[in-house]
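These notes are meant for a colleague who is meeting this structure for the first time. Please read them beside the sequence and the model.

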Protein chains: 4
Amino acid sequence: MTHPTARPRLSVAMIGHAFMGAAHSQAWRSAPRFFDLPMDPVMQVVCGRDAARAAEAAERLGWAGSSDDWRSVLERDDVDLVDVCTPGDTHAEIAVAALEAGKHVLCEKPLANTVAEAEQMVAAAERAAAHGVRAMVGFTYRRVPAVALARRLVEQGRIGEVRHVRAQYLQDWIADPEAPLSWRLDRERAGSGALGDIGAHIIDLAQHITGDRIQEVSGQLETFVKERPLAAEHSGLSGTASAERGPVTVDDAAVFIARFAGGALGTFEATRFATGRKNAIRVEVNGSAGSLAFDFEDMNVLELFDATEPAETAGFRRILVTEATHPYVAAWWPAGHGLGYEHAFTHQVVDLVDAIAAGTDPAPGFAEGLQVQRVLAAVETSSDTRAWQTIPA
Amino acid sequence: MTHPTARPRLSVAMIGHAFMGAAHSQAWRSAPRFFDLPMDPVMQVVCGRDAARAAEAAERLGWAGSSDDWRSVLERDDVDLVDVCTPGDTHAEIAVAALEAGKHVLCEKPLANTVAEAEQMVAAAERAAAHGVRAMVGFTYRRVPAVALARRLVEQGRIGEVRHVRAQYLQDWIADPEAPLSWRLDRERAGSGALGDIGAHIIDLAQHITGDRIQEVSGQLETFVKERPLAAEHSGLSGTASAERGPVTVDDAAVFIARFAGGALGTFEATRFATGRKNAIRVEVNGSAGSLAFDFEDMNVLELFDATEPAETAGFRRILVTEATHPYVAAWWPAGHGLGYEHAFTHQVVDLVDAIAAGTDPAPGFAEGLQVQRVLAAVETSSDTRAWQTIPA
Amino acid sequence: MTHPTARPRLSVAMIGHAFMGAAHSQAWRSAPRFFDLPMDPVMQVVCGRDAARAAEAAERLGWAGSSDDWRSVLERDDVDLVDVCTPGDTHAEIAVAALEAGKHVLCEKPLANTVAEAEQMVAAAERAAAHGVRAMVGFTYRRVPAVALARRLVEQGRIGEVRHVRAQYLQDWIADPEAPLSWRLDRERAGSGALGDIGAHIIDLAQHITGDRIQEVSGQLETFVKERPLAAEHSGLSGTASAERGPVTVDDAAVFIARFAGGALGTFEATRFATGRKNAIRVEVNGSAGSLAFDFEDMNVLELFDATEPAETAGFRRILVTEATHPYVAAWWPAGHGLGYEHAFTHQVVDLVDAIAAGTDPAPGFAEGLQVQRVLAAVETSSDTRAWQTIPA
Amino acid sequence: MTHPTARPRLSVAMIGHAFMGAAHSQAWRSAPRFFDLPMDPVMQVVCGRDAARAAEAAERLGWAGSSDDWRSVLERDDVDLVDVCTPGDTHAEIAVAALEAGKHVLCEKPLANTVAEAEQMVAAAERAAAHGVRAMVGFTYRRVPAVALARRLVEQGRIGEVRHVRAQYLQDWIADPEAPLSWRLDRERAGSGALGDIGAHIIDLAQHITGDRIQEVSGQLETFVKERPLAAEHSGLSGTASAERGPVTVDDAAVFIARFAGGALGTFEATRFATGRKNAIRVEVNGSAGSLAFDFEDMNVLELFDATEPAETAGFRRILVTEATHPYVAAWWPAGHGLGYEHAFTHQVVDLVDAIAAGTDPAPGFAEGLQVQRVLAAVETSSDTRAWQTIPA
């Protein structure tokens with residue numbers, strides 16, 4: 001680390017301060033402590049709809065100030081980057097405005113609630129890029145070291161030509177029919193249910209790891225529990241159940257099969273009803289020369305099968321992705337000392353800050369977010385029409 | 001064990017003596033040594049197309065005699081049961097003839113190569129049943145103790161209402177494009193590829209464990225490698241590659257999504273291209289009260305999640321299915337001493353002999369085999385038509 | 001397989017017909033069906049103390065005849081080999097007499113209940129060997145394919161110089177203080193408890209896999225439950241509890257640390273009180289170039305870590321030991337179709353018959369059994385004297 | 001969170017800024033962001049022997065100031081707590097001086113390099129406690145949620161009477177004989193090798209989880225590689241190898257068996273030569289009513305076997321210790337989102353600050369550190385004398 005004082009500041013405004021806001025805050029705080037960043041992130045201001053709660057969040061999460069008016073924040077000169085951690089229905093409006101105000105944007109996934117919104121965001125990002133303003137979408141799991149290693153190994157050709165992708169995102173937090181309604185079960189705010197919330201992640205991971213694109217899909221959505229108790233309070237993942245009930249307007253689960261552009265077959269499943277599975281993001285890729293398997297419930301591990309080895313000693317290797325040569329790991333602890341969920345957010349900040357300082361576009365950009373949105377839309381349409389849907393290139 | 005001499009004999013003729021023949025032979029030999037059977041199986045005669053090889057098989061596999069003419073065997077009075085271990089294109093002809101000759105039939109899966117053949121077989125089985133002649137199809141994996149325990153737990157309501165089934169049968173024995181052609185890659189003889197050979201098993205397992213039926217499917221078949229070296233010899237799983245090549249006329253892999261009659265969503269995948277997976281028959285079922293997971297590569301284990309437990313100590317249990325109270329296990333070894341692949345064939349013999357002696361229909365009967373055939377056909381049609389297909393009730 | 005009629009017969013008498021007798025019977029029956037043996041084993045006669053029970057065992061286990069007088073059996077010309085499956089207190093007397101009668105001997109482990117007995121047996125085996133009579137001790141787990149592969153890999157130098165051995169044999173069948181007494185808890189008959197019964201196995205496995213010898217030990221034995229209900233019947237692993245109680249005169253558990261001749265450190269633990277562990281035979285060996293790990297509760301798997309690989313992709317490989325190139329496996333099923341507990345007994349028969357036909361000494365011979373006995377004795381003495389004990393070379 | 005401004009400040013001086021210093025810094029920084037602390041920790045000053053490097057560490061790790069003179073720091077009024085992260089040879093001097101200066105102390109483990117030093121520290125801590133000054137030793141792994149849950153379940157009686165403890169701390173970072181010397185391989189600075197560095201952790205964990213004490217031990221230490229290349233730089237875990245070599249003066253590995261006061265048997269192993277094991281802290285406890293198993297390489301999991309369940313469905317449960325009801329977890333993320341290595345340091349800060357604010361002694365105090373030191377000394381003496389050693393009560 002050399003001459004920290006020489007580094008320019010990067011002042012951040014974060015919009016939203018719930019679950020995602022806490023993760024992002026820890027990332028902004030931790031990144032410069034473990035990585036040699038080219039800019040100094042400053043946790044300037046946090047925004048929320050309620051002024052008192054925003055102030056409390058600023059204190060708790062460690063932001064210098066707070067605001068209940070995100071529009072005014074965009075006008076501030078002491079804000080360089082806007083970090084959008086709100087529900088999906090507000091992404092487009094905030095992100096487009098921020099980009100137009102010349103602020104870099106980090107936007108949580110899914111990029112938007114509709115393809116149309118996502119297209120507007122991409123257009124805004126393209127206009128902004130012409131002025132050196134950057135936009136990134138938060139497919140954070142790409143930056144789990146085991147996932148980044150998987151991508152690296154595919155790029156190196158270690159598993160050959162990809163033939164199968166099986167990806168699952170399994171949760172169970174509403175398997176109980178008495179789990180209350182929340183904004184995540186409300187189509188107006190969340191856009192979709194399991195499909196957009198967690199299905200988006202495995203679509204992105206499958207495409208990212210393979211370096212390929214889903215070309216067509218046939219899917220089925222399902223809402224197993226169609227009415228739920230109203231929560232006393234409607235924000236967040238949980239709440240206190242009441243006697244009154246309201247409709248669930250999003251999917252509980254989505255399954256689909258897919259064809260990738262390169263010819264691989266895919267099976268996908270996103271559900272909040274996989275009893276006993278808490279956050280099981282599983283991706284297995286089978287190629288002509290080997291296979292890779294990942295499960296977020298054992299997040300510091302990547303399994304690799306190398307088919308070029310003699311059958312006598314070939315087997316899936318449990319790679320503990322905690323070596324200094326593994327992506328992102330050298331900054332942290334010695335081998336065998338695992339990382340946790342929020343570390344991927346720190347890595348996201350690192351890569352974003354590096355890109356901004358280097359004057360390059362961070363990945364995944366909004367165009368990648370739009371493409372995922374198109375896959376989501378195709379799955380939903382396919383479920384409605386009972387027909388295969390092609391994703392526009 | 002009481003008065004063995006009082007037990008009637010059950011003389012068996014086995015048609016076919018390759019991989020399946022060896023497994024069935026060991027089952028007929030072992031069953032009476034570990035289980036108290038109501039009848040004494042007699043390994044009377046083994047049939048093959050080539051007289052010399054059949055004689056050699058009789059000697060090696062322990063059958064009293066051999067024949068190269070299965071039709072003449074059906075006329076023998078000293079044959080009570082015909083065990084059909086041939087490729088699928090001959091199942092219908094042999095099984096129907098055997099039933100008409102008044103012989104009980106155990107027929108390997110898939111029941112036939114076409115729905116039409118399977119329907120003829122069911123009709124023959126129904127006619128035969130009127131005369132006390134029994135027919136069973138060899139969905140042997142039902143009788144792996146861990147699978148039988150899974151079925152028992154679902155029946156007991158331990159996992160509640162079933163919402164998700166994810167089933168995979170993953171192999172990799174032809175992932176190498178230079179693996180030679182065999183009868184299993186020839187549509188004329190095998191009927192289909194991964195779909196019928198191994199997909200049939202997971203369809204049966206998924207329906208058996210849940211006690212439910214697949215109602216509609218949307219699927220995709222794929223032949224990744226369309227030409228292969230001709231084997232020096234065309235029978236069996238392997239052979240020596242030659243310079244000449246021939247077409248692969250069956251699918252290498254099949255994926256499909258499904259809706260069960262009871263509302264559950266299913267994802268299915270059968271492939272011979274899952275590099276590193278050797279015989280990974282995986283079935284996971286998520287219900288409202290719990291979940292079950294099985295993987296044949298760890299065949300003595302069933303995983304159970306019980307959602308009625310406090311979250312503090314809930315977790316997937318690794319049940320080692322080797323306790324005396326587990327299905328079939330009391331006949332074998334003390335706890336912790338696992339069984340192997342062929343034990344399920346022994347259990348199949350036990351259940352079949354018990355049913356014959358009791359004068360009841362063994363399960364799965366030919367009607368269940370036909371229903372699986374209909375699912376297979378629907379997947380194939382769906383892949384051709386790119387549309388969902390409903391399976392006739 | 002050629003000219004089976006040309007093969008000489010090998011007539012077997014089995015002494016004892018409980019748990020071990022059943023496993024040995026299945027091995028004698030199965031070996032010639034899967035392996036091309038140079039001799040034809042004949043299951044001639046089974047002996048037991050009670051004539052009626054021996055006759056029943058002959059019928060059930062598939063032996064031609066039965067006897068309640070093992071001495072008379074040794075005089076029969078139609079007996080070539082004596083298979084000793086009795087409790088340890090009778091091994092020496094039967095085995096020595098059999099060898100002196102010119103019969104080959106397969107003797108269950110531990111070789112004897114005392115070092116003195118084992119020395120007599122070795123002397124008898126040496127005298128017999130001079131006349132071409134062979135003796136083998138039944139450390140059967142060596143012939144689990146995963147264990148045999150472990151030995152092969154160490155021999156090939158794949159893990160380099162051995163530094164650590166950690167071996168555990170964990171069971172829990174008497175963890176319940178109300179589990180009744182059986183002959184296995186009676187010092188007179190069993191010699192010792194967990195130490196001799198299951199500790200003997202991990203001592204043998206550790207030495208066999210490493211190709212090294214334990215040189216000195218410091219250990220501790222323990223009897224957690226000192227009195228138990230008398231079983232209605234005293235033979236076998238279980239029985240019906242009665243109100244009366246008797247003393248447990250053997251150890252429930254034994255732990256010891258060890259130094260190998262080659263310098264490696266060992267930790268060993270044998271217990272019947274590891275609640276939840278049913279037959280967990282675990283051996284891990286760490287060498288300068290790699291490591292191996294085995295657990296019998298997942299018996300078709302060997303784990304291998306290869307330290308010569310780049311750290312980026314190094315990891316313990318889960319080798320599914322079901323490939324045709326793996327020890328013993330080609331005789332059985334295709335890849336991925338696992339074997340069970342009793343298959344190792346079949347392999348033992350194969351290796352023994354091969355040695356007899358070849359006129360060579362089978363391994364492990366009685367001398368190896370004696371050496372294990374000396375380690376067992378040293379552990380016991382060490383526990384009594386509270387001092388390290390050296391094992392005579 | 002209420003009235004943060006009402007909270008008193010707790011100003012911290014950290015001595016040492018290598019690996020442990022980084023972990024502690026992140027803990028001091030993160031604790032108040034996720035937990036509602038009764039005091040506000042202030043990262044006041046970091047000390048190191050070299051002024052420039054200490055200043056760089058302050059900048060990088062986020063401390064307000066730096067110093068190269070820990071004694072002067074103890075005199076500062078704006079320091080309330082001294083966090084000792086130096087090698088073991090300086091623990092006693094710094095900690096005693098800090099306590100005498102009226103500063104609370106958090107001291108890394110092992111408490112000291114000798115029992116005599118540890119006794120002085122306990123005496124100092126007792127004197128300080130009389131004035132409300134607190135001392136804690138950093139057995140951080142106690143605060144991994146899965147470990148804390150294990151302790152809770154033992155306290156609740158879930159596994160009954162403890163009979164077996166098997167504990168291993170397996171690393172491999174110096175398995176390569178060319179790995180260079182570091183202060184950790186120098187007896188003068190580190191006190192001992194694997195035994196004190198990592199063996200101390202499993203001793204503490206075994207005693208903490210069981211709530212019992214090790215009473216006597218028989219052990220063996222070993223230095224497999226007796227000379228190593230000198231590192232270009234001698235501090236830290238790694239360095240560049242040079243041609244010159246120096247002696248390794250500590251143990252590479254230590255094994256011992258133990259008797260607990262409550263009668264349980266223990267087997268322990270600490271090694272830096274377990275090739276392929278990176279930070280495998282494994283503790284398994286078998287009790288009369290159940291068992292627990294933990295492995296830090298899968299740190300968010302605790303395995304539980306409940307022997308009170310019917311055998312049919314009993315099995316080791318893989319509890320994902322990420323539920324809000326699990327220790328420390330509610331402060332972090334939703335279920336299934338695992339924590340990493342450094343989180344346990346954050347929990348340590350939380351518990352320490354809570355104790356200081358409450359005016360109670362934090363656990364583990366120095367007396368517990370001394371007791372572990374006595375076990376370490378007994379193991380070492382036992383290895384020298386080749387005799388069992390009793391640990392003073």
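**Notes on selected salt bridges**

1. In chain C, the side chains of C:Arg142 and C:Asp204 meet in a salt bridge at 2.8 Å, N to O, a salt bridge being a side-chain nitrogen of Lys or Arg within 4 Å of a carboxyl oxygen of Asp or Glu. C:Arg142 lies in the loop between strand S6 (135–138) and helix H6 (145–155), and C:Asp204 in helix H8 (residues 194–210), so the pair ties together parts that are 62 residues apart in sequence. Helices (H or I, at least four residues) and strands (E, at least two) are DSSP runs, numbered from the N terminus.

2. This is a predicted model, in which local features need pLDDT of at least 70 and side-chain atom pairs count only at pLDDT 80 or more, while totals for chains, interfaces and linings use all residues. Residues are numbered from 1 along each chain as its sequence is written, chains are lettered from A and ligands numbered from 1 in the order in which they are written, and side-chain values use heavy atoms, with hydrogens and water left out.

3. C:Arg142 is buried, with a relative accessible area of 7%, and C:Asp204 is buried at 2%; buried means under 20% relative accessible area, exposed over 50%, and partly exposed in between (1.4 Å probe, protein chains only).

4. Between chains, A:Arg259 and B:Glu222 form a salt bridge of 2.6 Å, N to O, which runs from strand S11 (residues 253–260) of chain A to strand S8 (residues 214–222) of chain B. Both A:Arg259 and B:Glu222 are buried.
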